Amino acid sequence: MTERLAADTAGLSRAAELLRSGGLVAFGTETVYGLGGDATDPLAVAQIFEAKNRPHFNPLISHFADAESAFENVVADERARALAVRFWPGPLTLVLPRRVDGRICDLATAGLPTAAVRVPAQEATLTLLRAVGRPVAAPSANRSGAVSPSDGGHVMDGLGGRIAAVLDTGPCRVGVESTVLDLSGSAAILLRPGAVTAEDIEAVIGPLTWPAHDSVSGALPGPGMLKSHYAPRLPVRLDASTVADDEALLAFGLPLQGGRLVWNLSEAGRLDEAASRLFAGLRALDYEGALLGLRGIAVQPVPGNGLAVAIRDRLSRAAAPRPGSGFASGNESDIPGEGQSPPRLQRNIA
Ligand code: TXA
Ligand code: MG
């Protein structure tokens with residue numbers, strides 16, 4: 001049984017007790033829900049990989065209540081310190097060289113000489129991290145390869161029964177995962193776009209380097225930058241200018257005519273609203289679309305810079321060819337099953 005904890009004094013103290021004794025607790029952050037475990041305890045970290053069915057070569061982000069505790073575990077240069085002052089708590093993850101006296105275990109960093117650290121902007125979760133008093137490893141709280149969870153119900157759908165507890169901190173404000181910036185070398189490399197944009201970072205530390213995609217495999221240089229990710233079961237078709245009768249529509253702004261099932265990311269064309277509704281929309285269209293026998297999800301273009309870059313990154317991963325044969329195989333998505341409540345879909349059925 002997975003306990004559902006409210007983000008009150010009793011819930012926070014229970015969550016801290018579970019984490020300190022090696023249990024797994026999912027909690028909200030401003031980006032998505034994380035599946036937390038004590039990053040100093042290899043057994044707890046092994047259970048995170050197990051619960052998510054995540055490949056062990058893909059390292060985890062360690063979460064801290066403040067920059068000072070984070071920098072006890074990694075070597076922070078001037079760039080890292082300046083970014084921490086400007087953006088923490090907030091949706092920015094820094095990849096930095098590990099300190100020899102750091103407490104993050106090897107399994108959490110997949111044996112790399114670097115570690116990813118961040119201070120999330122979620123009050124209750126910061127209180128929890130303070131109470132735990134140790135680095136807390138937390139990948140997104142979904143099965144590996146599936147759509148990230150942006151509320152407590154999403155976590156239960158994917159991991160209910162597999163983890164000790166979910167601390168329900170409500171829906172995530174931002175909705176897409178943190179920006180990941182590699183500062184372990186002299187070049188600052190943007191490994192994953194997020195709500196802290198390239199322009200935001202460049203305003204503090206100067207020009208960034210974007211990682212080169214492998215032109216043949218599409219693979220990215222980051223250990224976990226898998227091209228197919230965030231994948232719903234229905235195939236995803238990007239930049240749609242029309243929608244077929246047997247497709248669901250993920251709209252942005254003025255919706256296309258047609259489509260039996262529509263989820264509008266933002267009628268007003270707002271990027272912050274679109275990011276916060278992205279994963280819930282993919283889940284809802286996938287679930288309801290499958291029930292209605294639809295054959296895919298058509299996605300309207302999301303143009304622009306800033307947060308639009310992060311939204312397009314997640315959408316292109318959702319649309320990328322899946323590992324293995326066929327669309328659905330090789331993708332351990334959190335398939336909705338018996339006893340699970342359907343996600344709330346803003347029905348807009350044509
Ligand atoms: O917003 C977020 O970042 C959420 C919340 C829970 O904090 N977490 C999250 O974790 O998205 P995850 O594990 O789903 O994504 C972390 C990414 C992975 O792509 C991983 O490969 C990369 O960060 N990463 C972690 N440690 C790294 C390292 N030492 N070097 C390069 N990339 C690293
Ligand atoms: Mg993830």
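## Terms and basis of the model

Two strands are said to pair if DSSP finds at least two bridges between them, and the strands themselves (E, at least two residues), like the helices (H or I, at least four residues), are DSSP runs numbered from the N terminus. This is a predicted model, in which local features need pLDDT of at least 70 and side-chain atom pairs count only at pLDDT 80 or more, whereas totals for chains, interfaces and linings use all residues. Residues are numbered from 1 along each chain as its sequence is written, chains are lettered from A and ligands numbered from 1 in the order in which they are written, and side-chain values use heavy atoms, with hydrogens and water left out.

## The four-stranded sheet

One open sheet has four strands in the order β11-β14-β12-β13, with parallel pairing; its edge strands, each pairing on one side only, are β11 (236-237) and β13 (261-264). Within this sheet, β12 (residues 247-251) and β14 (residues 296-299) run parallel and are joined by four bridges, and L249 stands opposite A298 in β14. Helix α8 (residues 271-291) packs on the sheet and touches β12, β13 and β14, its direction making about 175° with that of β13; here contact means heavy atoms within 4.5 Å, and axes are lines fitted to C-alpha atoms, for helices over the stretch in contact, with angles from 0 to 180 degrees between N-to-C directions.

## The ten-stranded sheet

A second topic is the open sheet of ten strands, which has mixed pairing and the order β1-β8-β2-β3-β7-β4-β6-β5-β9-β10; β1 (3-6) and β10 are its edge strands, each pairing on one side only. Strands β4 and β6 pair in the parallel sense over three bridges, and S62 stands opposite V117 in β6. Helix α7 (residues 198-205) packs on this sheet, touching β5 (92-97), β9 (179-182) and β10, and its direction makes about 40° with that of β9.

An oxygen atom of ligand 1 lies 2.5 Å from a side-chain N or O atom of S178.

Conventions:
A polar contact is a pair of N or O atoms within 3.5 Å; within protein, one must be able to donate a hydrogen and the other to accept it, and residues adjacent in sequence count only if both atoms are side-chain atoms.
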